[in-house]
Amino acid sequence: MKVIDIAAALLVGADDKTLLVRKRGTRAFMQPGGKIEAGEPAVQALARELEEELGLRIDPAQAVFMGEFKAPAANEPGFEVRCQLFRVACHDPVQPAAEIEEAVWVDARACRALELAPLTGDVILPAYWQSLPSAPR
């Protein structure tokens with residue numbers, strides 16, 4: 001299977017909601033981020049993508065590496081995404097730009113109404129919701 005290397009953010013607001021984005025011409029919501037260019041450190045790719053897609057400037061030193069995760073690509077049939085995931089606290093307004101059509105802040109209940117990319121719906125969000133102190137046990 002062909003692999004797409006990406007850096008993505010678990011952007012977390014003060015209320016524990018997380019930001020998901022949907023690219024223009026697609027239906028699935030996912031973490032913001034994007035492809036890592038050759039020779040580019042993942043955290044630098046993340047900072048670049050967040051600024052391009054959401055007008056959000058982050059200090060790469062504040063991005064906490066959460067691990068590498070894999071799942072089928074949402075928008076490229078026959079591809080798998082290999083994601084370097086970083087948790088980033090976000091208290092600044094975001095504005096969809098570039099290829100981003102829509103950005104939404106969601107909690108565990110609100111995200112059930114959305115079509116989610118496999119990596120987001122099957123891996124990242126379930127782990128995040130379970131990590132919260134208010135998670136159902």
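Tutor: Read along the sequence, the elements of this protein follow the pattern β-β-β-β-α-β-β-β-α. That comes to two helices and seven strands, where helices (H or I, at least four residues) and strands (E, at least two) are DSSP runs, numbered from the N terminus. The radius of gyration is 14 Å, close to the 14 Å that the globule rule gives for 137 residues, so the protein is as compact as a globular protein of that length. For that comparison, the radius is taken over C-alpha atoms, and the rule is 2.2 Å times the number of residues to the power 0.38.

Before we zoom in, please keep in mind that this is a predicted model: local features need pLDDT of at least 70, side-chain atom pairs count only at pLDDT 80 or more, and totals for chains, interfaces and linings use all residues. Residues are numbered from 1 along each chain as its sequence is written, and side-chain values use heavy atoms, leaving out hydrogens and water.

Helix α1 covers residues 42-54, which is 13 residues. From its first C-alpha to its last, α1 reaches 18 Å, close to the 18 Å expected at 1.5 Å a residue; the expected span is 1.5 Å times one less than the number of residues.

Which residues of α1 are buried? They are Ala42, Ala45, Leu46, Ala47, Glu49, Leu50, Glu53 and Leu54. Buried means under 20% relative accessible area, exposed means over 50%, and partly exposed is in between (1.4 Å probe, protein chains only). As you read that list, remember a rule about helices: an α-helix has 3.6 residues a turn, so residues three or four places apart point the same way.

Next, look at what lies over those residues. The cover of the buried residues of α1 includes the strands β1 (2-12), β2 (18-23), β4 (33-35), β6 (79-89) and β7 (100-106). Contact here means heavy atoms within 4.5 Å.

Alanine 47 has a relative accessible area of 13%, so it is buried. Leaving aside residues up to four places away in sequence, alanine 47 touches Leu56, Ile58 and Pro60. Alanine 9 is 38 residues from alanine 47 in sequence, yet the two are 9.3 Å apart in space, C-alpha to C-alpha. Just after α1, glycine 55 takes a positive phi of about 65°.

Alanine 113 and valine 123 are 10 residues apart in sequence, and their C-alpha atoms are 17 Å apart in space.

To finish, step back to the whole protein again. Buried residues make up 42% of its 137 residues. Among contacts between residues at least 6 apart in sequence, 64% join residues at least 24 apart. The C-alpha trace spans about 40 × 30 × 30 Å along its principal axes.
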